[in-house]
Amino acid sequence: MIEAKWYLDQLQERDAQGLLRRLRSNPQMVNFASNDYLDLARHPALAEACAQGALKHGTGSTGSRLLTGSPTIFAETEQKLALWKGSQAALLFNNGYAANLGLVSAFCDSETHVFFDRLNHASLYDGARLSGARLHRFKHNDPQDLERLLQTNPGKGWVFTESVFSMDGDLAPLAQYASLAQKYRVGLAVDEAHADGVFGPGGRGLVHELGLMDQVDLVMGTFGKALGCAGACVWGSQVLVDWLVNHARSFIYSTANSPAVVAAVSRAVDLLDQEPWRREDLLRLSGLLRQRLQAEGFDILQSQSQIIPIVLGDNASAISASEFLATHGFWVFPIRQPTVPAGTARLRVNVNASHSEAQLIAFVDCLCAWRNS
Ligand SMILES: Cc1ncc(COP(=O)(O)O)c(C=O)c1O
């Protein structure tokens with residue numbers, strides 16, 4: 001047996017710094033922490049598709065798709081997803097973490113320069129670490145800084161960025177990155193975890209909205225957020241998807257997702273076109289909240305999406321605001337170092353289509369009351 005005291009001491013130290021992470025049960029409050037942006041996670045049509053999928057294909061995939069073969073629902077859904085995004089091919093992954101881990105490490109090795117927006121998600125960083133690639137971090141959303149790094153690090157390279165940033169809610173200058181990727185002959189991969197279902201025609205993502213599908217080599221999207229299910233997908237040319245099947249370790253060495261969940265994902269894609277009001281409501285409500293927070297003088301960085309950071313500075317302020325809001329019925333999570341840089345601790349508000357205008361207004365009033373307390 002190991003000596004647990006060392007771990008206990010470390011955890012207590014984290015707690016003293018306001019950095020301890022705890023699992024909590026799902027609160028019965030107005031929830032501003034959920035990624036269920038379109039309020040689909042409890043949609044009866046998805047529950048029905050999941051149940052039917054389980055009856056038809058089983059609850060378990062029984063192994064890696066390369067070993068056991070995969071239920072037909074996987075290939076059918078990949079074809080549908082490829083058509084939906086306007087891409088040649090698509091490959092399902094178990095979640096966004098596994099997709100990013102797999103795709104970065106499949107395409108990059110110790111000879112590759114990888115260019116990362118500093119604020120990229122941990123799953124992309126972990127993929128870079130696994131690949132052993134040479135990591136160059138450019139300033140957040142800064143094409144000039146990216147170009148400086150591209151100029152000084154010639155050779156095989158890939159640029160990785162999110163399209164909607166998970167902590168700041170701002171949008172990457174994708175068109176400029178696409179031009180740079182073309183100019184310097186490097187790959188470009190975009191993580192649309194927070195854009196799929198929300199941005200672009202019918203929720204097809206920001207890359208689609210900007211007409212860049214032909215200029216982005218790989219697009220990653222997740223199904224556990226706006227689509228209300230679980231899993232992820234990588235879109236690209238057939239060659240690149242074939243490469244992933246052969247080199248993405250998180251795809252090769254892992255039991256595939258539940259076919260029942262894949263059936264629900266397939267149905268969720270239909271719902272995006274059938275119930276466009278969800279997206280429209282979400283975008284309208286997000287705009288309303290951003291505008292009200294700014295009018296009250298809160299710093300929401302450059303958010304242009306349903307993810308709205310409210311920067312409060314130190315960890316203690318973020319925790320105090322979160323606790324105050326919780327006592328008034330609002331569930332909003334304090335985000336601290338190391339998830340965000342020191343001194344930028346914040347509340348991260350995720351607007352969902354299920355919120356009402358009245359709830360958003362009451363939330364801002366409550367935040368003002370905390371500030372004045
Ligand atoms: C930008 C980004 N990429 C990838 C992921 C991982 O996706 P998943 O939650 O499906 O593992 C997340 C989710 O936390 C994310 O915010």
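A residue is termed buried when its relative accessible area is under 20%, exposed when over 50%, and partly exposed in between (1.4 Å probe, protein chains only). The structure is a predicted model, in which local features need pLDDT of at least 70 and side-chain atom pairs count only at pLDDT 80 or more, whereas totals for chains, interfaces and linings use all residues. Residues are numbered from 1 along each chain as its sequence is written, and side-chain values use heavy atoms, without hydrogens and water.

By the stated criterion Ser131 is buried, at a relative accessible area of 11%. Ser131 belongs to helix α6 (residues 122-131), helices being DSSP runs of H or I with at least four residues, numbered from the N terminus. The side chain of Ser131 reaches the backbone oxygen of Ala128 at 2.7 Å, and a polar atom of this side chain lies 3.0 Å from the backbone nitrogen of Ala133. Beyond neighbours within four places in sequence, Ser131 is in contact with Val104, Ser105, Cys108, Asp109 and Ser110, contact meaning heavy atoms within 4.5 Å.

An automatic or database assignment divides the protein chain into domain 1 (44-274) and domain 2 (276-372). Between them, 18 residues of domain 1 are in contact with 17 residues of domain 2. The two domains bury about 1400 Å², 56% of it on carbon and sulfur atoms; buried area is the accessible area (1.4 Å probe) lost on putting two parts together, summed over both. Met167, Asp168 and Val198 supply 42% of the area that domain 1 buries against domain 2. One salt bridge is counted between the domains, a salt bridge being a side-chain nitrogen of Lys or Arg within 4 Å of a carboxyl oxygen of Asp or Glu. The side chains of Asp168 and Arg346 form a salt bridge at 2.6 Å, N to O.

Technical notes
Helices (H or I, at least four residues) and strands (E, at least two) are DSSP runs, numbered from the N terminus. A polar contact is a pair of N or O atoms within 3.5 Å; within protein, one must be able to donate a hydrogen and the other to accept it, and residues adjacent in sequence count only if both atoms are side-chain atoms.
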